[in-house]
Amino acid sequence: MSARTDIKRILIIGSGPIVIGQACEFDYSGTQAVKALKEEGYEVILLNPNPATVMTTPSLADKVYMDPLKVEYVEQIFQRERPDAILTTMGGQSSLNLALELDKAGLLEQYNVEVIGSSIASIKLAEDRGAFKQVVQDLGFESAKSHVVHSLAEAESHLADFPYPRIIRPSYTLGGMGGSIAENEEEFPELLLHALETSPSGEALIEESLIGWKEFEMEVMRDKSDNAIIVCSIENIDPMGVHTGDSITIAPIQTLDDKLYQKMRTASIAILRAVGVDCGGSNVQFAVHPQSGRMVVIEMNPRVSRSSALASKATGFPIARCSAKLAVGYTLDEVVNEITGQSVSCFEPVLDYCAVKVPRFELEKFPLPFSALGTQMRSVGEALALGRTALEALNKAIRASERKLEGLCDLVAVGRYSEEEVERFLTSAHPLRLLSAYTTLVRKGPSCLPMIEEITKFDRWFLHLLVQQYELEQAIRANLDHQTLLKAKKAGISDRHLAFLTSQKPQDIERLRFAYDLHPVNHHVDTCAGEFDALTPYLYTTYGEVTEAQPLGKEAVVILASGPNRIGQGLEFDTCCTLASLAYRKLGRKTIMVNSNPETVSTDFNISDRLYMESLAAEEVKEILRLESAAKVVVQLGGQTPLNLAGDLIKAGASIVGTSLKGLLDAGDRGKFSALVAELGLRQPKNRSAKRTEDILALAKEVGFPVLIRPSFVLGGRGMYIVYDEEALQKLTHLEASEEAPVLVDQFLEDAFEYDLDAVCDGKSLYIGGILQHIEAAGIHSGDSAAVFPPYKSRPEILKQMQEWAHKLALALDAQGLMNIQFAVKDGLLYLIEVNPRASRTIPFIAKTSGVDLIEAAVRVWEGEDLVAQGLVKQEGLVAMGTCKTGWAVKEAVFSFDRFSNVDPALGPEMRSTGESIGLGKTFGEAFAKSQISAGNRLPVAGKVFVSVNKKDRTTILPVVQKLVALGFGIAATKGTAAFLFEQGILCEVMQKVHEGRPNITDYLKSRQIALVINTPMGYQAHASDDEIRSIAMRLKIPYTTTTSAATAAVQAIEYLQKKQVVVRSLSS
C-alpha cells in the first residue's frame, strides 16, 4: 500500500498561542506533519495564530492562515481552500476540541471534509471520561473508582459515601486545567464548580485518590493493519498526585518487573484498538500500587501529546512524522526509519542509555505555595538529558534545567535554601522535593531512608540512586584521584560541582581533568542500541567509552540554542535557531545544534547536520567544540543563555559569529552604553548605575521619581520595579548592588509610548525589518504588551529619526547580524531605551508579516554576502525598511494566570506572558479584534463599559466614550470621570472606587454587570486599588485596558466585530 490518492489537500490545525500545558511540543509535531505530508505530494494548508512558531514559516506549508481557532474562521477556510481532509491530532487539546465543534456544527459533512489521524468517534470515546472508563472495564482492565457529574447537586446526591481525598478532573481540558484534589467536604463544592466551569462540556470526573501510587506512560503507535508498537515507556519519578508534565520522568521504565511491563504493554495496545485509533500515536497513562501491584488505567490522549515529543527525542523515533504518514494510509512496515535508513518503523526502539526529563518552573515569577503541585500542570518548560546510567542522566538533566543547580546537591550547603524550607519541600508536592530528599540523606545519613520513603513515596530504586551519589560525594571529598574523577564524570557530575565539593575553583578541576586526559566521547541515539549503523547525526556525550561520530571539522558552525522554555526566553528564540540552521545548510555550511529542550523543532534531528542533546553550560559546549574540531559559535540567537557563555568560549579559543563580544557587552553595560549614547548625541532617559547597595536611594533622588530599578544583564525584565517614591523604594529590601552586578536606576517615562525596531546590519548598511508600536504605555514589559505593525500613531519625522539613530548605533557597536532597539516617545521627543545586538522575540513576527526572512538575511551577512548583494538595501551605507504585507498585523501577549490562584495578574516591567497570538487585517480594527479572539480575550459587542481615567487622559478618552455610546453601549464611571463626561453631554451611571465604600466597582464586576473596563491609573495609590479591579476582571475574563490607546484599539475592534464580518487572510495573500 502507498499513500492515499483520493485526497489532495489537507488542512492541519495548530495549537495556537503557548500556554502552560500546551507549549512548543505542538510546533514540533505540526512542523514534522507539514514536512511529512509535503514529501508525499499533498497540498498542505495550515491554521495556527501563533507567530512565534516554525510551522507558520511561509515557506513550509503551501498556505498559512493565522486566523483564530474558531469554527466560523475554519468554515471560511473550507469555502476558500476546499480541503479534502483535516488533520487534528497535531495541535494538542485545542485542535481536538475544534474538530468536535466543527462536527457538532455539521460543517465537516456540509463541506465533505474527512477527519484523518483520529476519527471523531475515537476522540469522543477517549476524551469523554465516562465512556472511556466503560471501554477499560469491557477490556477487563481496571480504572480508578469514579463518577461523572454535571452539577454540584448531582455530585452531592451520588457521592455521599465517596471517600476523601477526591481527585477532580474536568473533561476536554488541557494540561489538567481546572483539575484539583479535594481533601475534605469544605473544599469540595468550590473546586468542583471551578472544574465544571473550566470544562467545555460542563462535565467532571470525581475519582478515587491514587496519590502515592507509581505512575507510568506508554507511547503507542498503531496502524490500519493492526500493527502496534510501544515507541517508549516512561516512568514518573514523582508518585501519583503530581501532573505528569510537572514530574521528573525517566525512560525506559526502571522499576517494573517484566510480567507487569508486558501486562501494561498489552493493555495499551488493547485500549488503542478498542478506542479505534488506527493511524497514529497515542499516549496511555497507568498507575500501579507500590505494594500490591494493582494496575489502574488513568487516561489516554488520542493525539500526539507533550509526552510524544519527549518520547521522540528520548528514542530518536519521530512519532509525529510517522503519525502523519499513517494518517494518509501507510502502515508501519512501509515507513522507513530515518535514523538507520535500512530498518522500518514497525520495530520497537531499544535504548542503550537512560533519558531523564526535568521540568522547569518559574518560581520567581509565579511563587508556588509549598503544596503547589497537583493534578493541574504548572511548569513552563522542560530539559532532557541522556546518559549511560540513570544517575548520569538525572544529574545532567537537573543541570540542564538552568535553575542554578549543578545536579543532585545539598540545597542547604550550596546556600540556596534553609533547613526549615528543605523540610517543608520534603513533606509537600514541591518541584524541589527530590533534591530535598537528597539534602536530608546527606544531613542525616542513610538511616533516614525509610523515613524519606514513607513521606515522599519515591520508589526505593530511585532512593538508591541518591545513595550512590551520596557515597560518591564522600569519596570525592576524601581523595579526587584519577579513578574517582572518572567515576564522578560517569555519574554526570560537573566540574563546577566537583569544585564545590573539594573547595576548589572549576578551573582547577578542568586542569586536573586535562592532566588525566579525561574528556567526554559522543554516542549516537540510534533507536536500536547499536544493532544497525546510525545515519542520523543525533548525539549525546558521556565518559569512559569510545567516540562514535567523526568530527565535522573547523568549517562547521555551532549554534547555541536557548535551553528549556521559560518566560522571557521562549519559542521565538528557538525558532530563530532553527531557521538559522536551515539557512546555513541552504548555503552549503554544516551546522551543529546544541540544546537541551525536548519540546522544540531545533532538537529535531533533521534540522541540523549534528544535534547534541546537551546542557547549555560552558563545560559541555567547550567539550563539544573539541569533539567536533569546530571553532565558530553563534550566540546571537538563543536569548540570554548563550550570551552568558560567550566570554568563557572565547577564552577557550572559540570565535563568535557576527557582532563581537565587545559589542555585545558594551550594549549590556549601562555605563559604557550611556557614554556611547552621549557621544553619538542621542537622547536617553536620565540614568545612573549603583555599584553599592547603599547608593541606590541617593541615585534615585538624583534621577527623580518615578524611577525604573533593574539589574544589569537580564532577559524578560527579571527583577524590575517601577518605584513612585522614596517610601516604596525602601520596601525593596532585597536589592543588592555590586561592581560585577550593578543595579540600574533609570528615569521612568510615565505615559510614553514604546517601540520595537528589529534590523540586520552588515557593518555598513542597515535593513530594518519593521517598527512595532506598543499599544500599552511605557512601564509594561515589551513582551507583555500588545504591539502593532506598522506603527499606528506616529509622526513620520519620529519614525525617520528612529531609522537614523538605529544606523548610528549599529555602526558604533560594529553590529554584524541582528539587532533590536527599544525606543520611547514622550511629549513629541524620541528617547532611546535599550539596544540588544542579538535576535529578539519579535523577529519571527516581523519576518512573517513583512515577508522578509531576517534570520536568513543575518546568516547571509555572516557568510559574507552584504545587504546590497541580497537586494535588501539599494546602495552601500544606506538604510532600508520593510513594510507590513498584510495591511495591519497585531501581536498580543497571552498569559497563563488562570493556573495560579495566588498571583496578581497586574502587568509591569517584569515579563509574565507565556506566549503570543497574532491578528492580520485590512484595517487596524480587524487585526486587533482577531489578535484578541486568538488570545482568548472576548471583546463585547453590547453591554455596559466602566470608565475611570486620570485627569490628563480625560480629553483623549472623550472620543472613545462618544464612539462607545454611538455603538450602543451603556457607560458607568467614577465620580471625577462621570462629572467630566456630564459636562461634555454624556450621561453615565456613577460607581464608587474600591476605597470609597460599597457597592463599588468590584461588586459590579463580580455580578457581571460590566462588559469592558477602561482604567488608566497614575501614581502609586491608584496603582494599588486598580490592581484589585484588574485581578477580578482577569479572573472573570472581562476585557480590561489600562491605556487610552488600548481603549481606542478596543473600540476599533468592537466596531469591526459588530459588523459580524468573518474574513480569513493567508500570509501569501
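Guide: The structure holds 12 cavities of 30 Å³ or more. The model is predicted, so local features need pLDDT of at least 70 and side-chain atom pairs count only at pLDDT 80 or more, while totals for chains, interfaces and linings use all residues. Residues are numbered from 1 along each chain as its sequence is written, and side-chain values use heavy atoms, with hydrogens and water left out.

Visitor: What makes a space a cavity?

Guide: On a 1 Å grid over the protein atoms alone, a 1.4 Å probe fits at its points but cannot get out. The largest cavity has a volume of about 610 Å³, where volume is the space filled by probe spheres set on the points.

Visitor: How do you know which residues line the largest cavity?

Guide: A lining residue has an atom within 4 Å of a point. The lining has 46 residues, and those closest to the centre include Arg129, Glu299 and Gln285. Strand β14 gives the most, 5 residues; a strand is a DSSP E run of at least two residues.

Visitor: Which residues does leucine 637 contact, beyond its neighbours within four places in sequence?

Guide: Among them are Phe573, Leu818, Ile855 and Trp862. Contact means heavy atoms within 4.5 Å.

Definitions and conventions:
1 Å grid on protein atoms, 1.4 Å probe; cavity = no way out; pocket = protein on both sides within 12 Å on 5 of 7 lines; lining within 4 Å. Helix = DSSP H or I, 4+ residues; strand = E, 2+ residues; numbered from the N terminus.
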